[in-house]
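Q: Please put the model on the screen, and then we can go through its features one at a time.

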Amino acid sequence: KWFSKTNDLIRWSRLVTCGNREIAAYVSSKGRPAVIIPTIVDTTSFRPRAASATNDVPVIGWIGTHSTYQYVRTIFPVLERLAREHRFHLRLVGTGVDKVEIPGVEIENLAWKLDREIADFQSLDIGVYPIVADDWSVGKSCFKAIQYMAVGVPFVVSPVGVCEEIAVPDQTHLVARSEQDWYEHLSRLLTDASLRRQMGDAGRDYAVQHYSTRIHVQKLAAALRSAVRG
C-alpha cells in the first residue's frame, strides 16, 4: 500500500478536480488549487427503462462493492421488519459475499458486471443508499444517488456528507436519519406506485439538468486548459 499516494499526487498536480467540497477543502489545505466537478453519468445511456417493463412485485435494490456492503447491512433489520408487512424482492449487486440471508426477505445476490450495470439499475423500483458518518463516507460524492436518478428510480439515502445536499429531498428522493425513517420511507414507496413514478421522473429531470456529461464537459475542458497553461 502506498499510503502517501493521494498527498503525493496532490503535491505533483497543477490543479485537482474534486468530486465534492470535502475533497476540495482537503486539496486546498495542501496548498493546491481545486475545482469541483461532480461525479456524473452519460444520461443518454443511463436512462429509465421502458414503461412496459414493470415488475409484478416491487424490487428494492442496492448496487455497490464489497467495501460498501457493510453499509447496506445496517438496514437489514429494517428490511426484515418490512417483509412482515409487504411483499418485495431485494436485489443486491456487488456484495462480494456468496450468500446473503435476511429472515422473510426474497433476495437476489448478484456479482457486479460492467455490461449489466445499467440494466441492473433500471431493474429497480426503489433504490437504497445507506451510509454512516465515517471519514470514508464523508468524502464520497453520492454517485449511487446520481445513477438512481439518471435511470428514474426513487431512492432513500442517509444524509452524510454531500449526500445531505444531493438533489431535492421529498421530490427526487427521501432522506432517512433513523431506522424508523428507513422503515416509514420504504413502506411509503412500496405501497404507492404513483409516488415512485413521480419521484423517479423528478430525479431523472434533475440528473439531466445537473449531472449529465453535456452539462459538465465544458467545465472539465476549462479546468484542463487552465492546468496546461499552468
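Q: In which sense do strand β6 and strand β7 pair, and over how many bridges?

A: First, the ground rules. This is a predicted model, in which local features need pLDDT of at least 70, side-chain atom pairs count only at pLDDT 80 or more, and totals for chains, interfaces and linings use all residues. Residues are numbered from 1 along each chain as its sequence is written, and side-chain values use heavy atoms, with hydrogens and water left out. Now the general idea: strands of a sheet pair through backbone hydrogen bonds, either parallel or antiparallel. Helices (H or I, at least four residues) and strands (E, at least two) are DSSP runs, numbered from the N terminus, and two strands pair if DSSP finds at least two bridges between them. Here β6 (residues 126-129) and β7 (residues 155-157) pair in the parallel sense, over three bridges. Within this pair, V128 stands opposite V156 of β7.

Q: In what order do the six strands of the open sheet run?

A: The order is β5-β4-β3-β6-β7-β8, with parallel pairing. The edges are held by β5 (106-110) and β8 (174-175); each has a single partner strand, so one side of each is left without a neighbour in the sheet.

Q: Which bridges join β3 to β4 and β6?

A: Strand β3 (residues 59-63) pairs with β4 (residues 89-93) in the parallel sense through five bridges, and W62 stands opposite L92 in β4. Toward β6, β3 has two bridges, and these two strands also run parallel. The bridge partner of G61 in β6 is G127.

Q: How many residues of β3 are buried?

A: Buried means under 20% relative accessible area, exposed over 50%, and partly exposed in between (1.4 Å probe, protein chains only). By that scale, five of the five residues of β3 are buried. Both faces are covered, with V59, G61 and I63 on one side and I60 and W62 on the other.

Q: Which residues have the most contacts inside the largest nonpolar core?

A: A nonpolar core is a set of buried Ala, Val, Leu, Ile, Met, Phe, Trp, Tyr and Cys residues joined through side-chain atoms within 4.5 Å. The largest one here has 56 residues, and L79, M149 and L186 have the most contacts inside it. Apart from this core lies another, of five residues, including I10, C18, A24 and V27.

Q: What does L79 touch?

A: Contact means heavy atoms within 4.5 Å. Leaving out residues up to four places away in sequence, L79 touches I60, F88, L90, I102, V105 and L186.

Q: Which residues form a nonpolar patch on the surface?

A: Patches are made of residues with over 30% relative accessible area and no salt bridge; like charges are joined within 9 Å, nonpolar side chains (Val, Leu, Ile, Met, Phe, Trp, Tyr) within 5 Å. Areas come from the Shrake-Rupley method with a 1.4 Å probe, and for residues only the protein chains shown count as cover. In this model W2, L9 and W12 form such a patch, with about 360 Å² of accessible area together. L9 belongs to helix α1 (residues 5-12) and counts as partly exposed at 39% relative accessibility.

Q: How many salt bridges does the structure hold?

A: Side chains of opposite charge can pair when their charged atoms come close. The criterion is a side-chain nitrogen of Lys or Arg within 4 Å of a carboxyl oxygen of Asp or Glu. The structure holds 10 of them. One joins R21 and E22 at 2.8 Å, N to O; R21, E22 and E165 are linked in a network of salt bridges. In another, the closest N and O atoms of E80 and R84 are 3.7 Å apart. E80 is partly exposed, with a relative accessible area of 26%, whereas R84 is exposed at 61%.

Q: Where is C142 found, and is this residue buried or exposed?

A: C142 is in the loop between α6 (135-138) and α7 (143-150). C142 counts as buried, because its relative accessible area is 0%. Its phi is near 60°, a positive value in a residue other than glycine.

Q: What is phi of D170 near?

A: Phi of D170 is near 75°, again positive in a residue other than glycine. D170 lies in the loop between β7 and β8 and is exposed, at 57% relative accessibility.
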